Amino acid sequence: MASHISLTTASLIVFLVLLPISYGGSVPESDIDLVEFPLNLEFLEAEFFLWGSQGYGLDTVAANLSKGGPPPVGARKATLDPFIRDVIYQFALQEIGHLRAIQSKVKGFPRPLLNLSAASFADVINSAFGKPLNPPFDPYANGLNFLLASYVIPYVGLTGYVGTNPNLQGAASKRLVAGLLGVESGQDAVIRALLYRKAAAKVHPYGITVADFTNRISNLRNNLGKSGLKDEGLVVRPVRGAEGKSRGNVLAGDKFSLAYARKPEEILRIVYGGGSEHNPGGFYPQGANGRIARSFLQKSKAF
């Protein structure tokens, strides 16, 4: 009898383990704007990774996800080796999945106008170095340049998800954002690891190391965000590394090696390129979409 009960219990446990886990449920009204806001960055990443790896964008593979928003400006296929192209294409497909996931929970909004031109990225790099590079930085020229340009993007979204999570009320919202954060963190880790392997290499034709590029980009984002240290390059002073003992900084984190958090206004200051959530520019020449982003633009017009 005891063995029969044991067998039945074991069978039940196996059955429960094999049941598919459901992450259903609706996003409460209090969470909708917070869950929708990241669509702005997910659109940016999806388009940049698709165009860079394949030479076409969201309108070719999943036009319904753009919800009628304008196609990006200036994006094109990058000159990538097979390995980097494969990695970036996987990122692109993941971003399509993220768009589907968010839009399955909230209504969403049309894709904003995105400026993915080489000149747009060159502006970021020029700002990071405080002077124009000659020739202008071109993210589509080669694999290393594309990885450096990619360094600019997913980490910003990662910090946004970290900042959003404590403000969410619903279980479905928290589960969704946790899932998005996990993959965005993975993308950032892959990009940083690939660049870290070449940290001491010099970026042609500038004679500037990869590590210096990342440090400058991170410092720029800190300055634009206007909320202190929330960004770190690949090589730092040991006191800034993990446990205050490492110059290598393959993953960015605070003194406890926890991810930094950013608010929506900090993110907008960075991606607009000018340090103000009220003035569109940079990758979003007409501003980001959604109630949170548009509310900052409306405040700008009120003054």
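Here are a few friendly notes on one helix pair and the cavities in this predicted model.

1. Let's start with two helices, H7 (residues 143-151) and H9 (residues 171-196). Their axes come within 10 Å and cross at roughly 135°. That angle makes H7 oblique to H9, and the crossing is left-handed.

2. Which residues make this contact? On the H7 side they are Leu144, Leu147, Leu148, Ser150 and Tyr151, and H9 brings Ile191, Arg192, Leu194 and Leu195. Sorted by class, the contact of H7 with H9 has seven nonpolar residues, one polar and one charged.

3. Now for the cavities: the structure holds two of 30 Å³ or more.

4. Thirteen residues line the largest cavity, and Pro38, Leu41, Gly157, Gly160 and Tyr161 lie nearest its centre. Helices H3 (39-54), H8 (154-164) and H11 (264-271) each give two or more residues to this lining. The largest share, four residues, comes from H8. By class, the lining of the largest cavity has six nonpolar, three polar and four charged residues.

5. H3 and H11 are the elements that give two or more residues here, and H11 gives the most, with three. This lining has seven nonpolar residues, one polar and no charged ones.

How values were computed:
Residues numbered from 1 in each chain as written. Predicted model: local features only at pLDDT ≥ 70, side-chain atom pairs only at ≥ 80, totals over all residues. Heavy atoms only, no water. Axes fitted to C-alpha atoms, helices over the stretch in contact; angles between N-to-C directions. Parallel < 35°, antiparallel > 145°, perpendicular 65-115°, else oblique. Left-handed = near helix turned anticlockwise from the far one by under 90°. Contact = heavy atoms within 4.5 Å. Nonpolar A, V, L, I, M, F, W, Y, C, P; charged D, E, K, R; others polar. 1 Å grid on protein atoms, 1.4 Å probe; cavity = no way out; pocket = protein on both sides within 12 Å on 5 of 7 lines; lining within 4 Å. Points joined across faces, edges and corners; volume = space filled by probe spheres on them.
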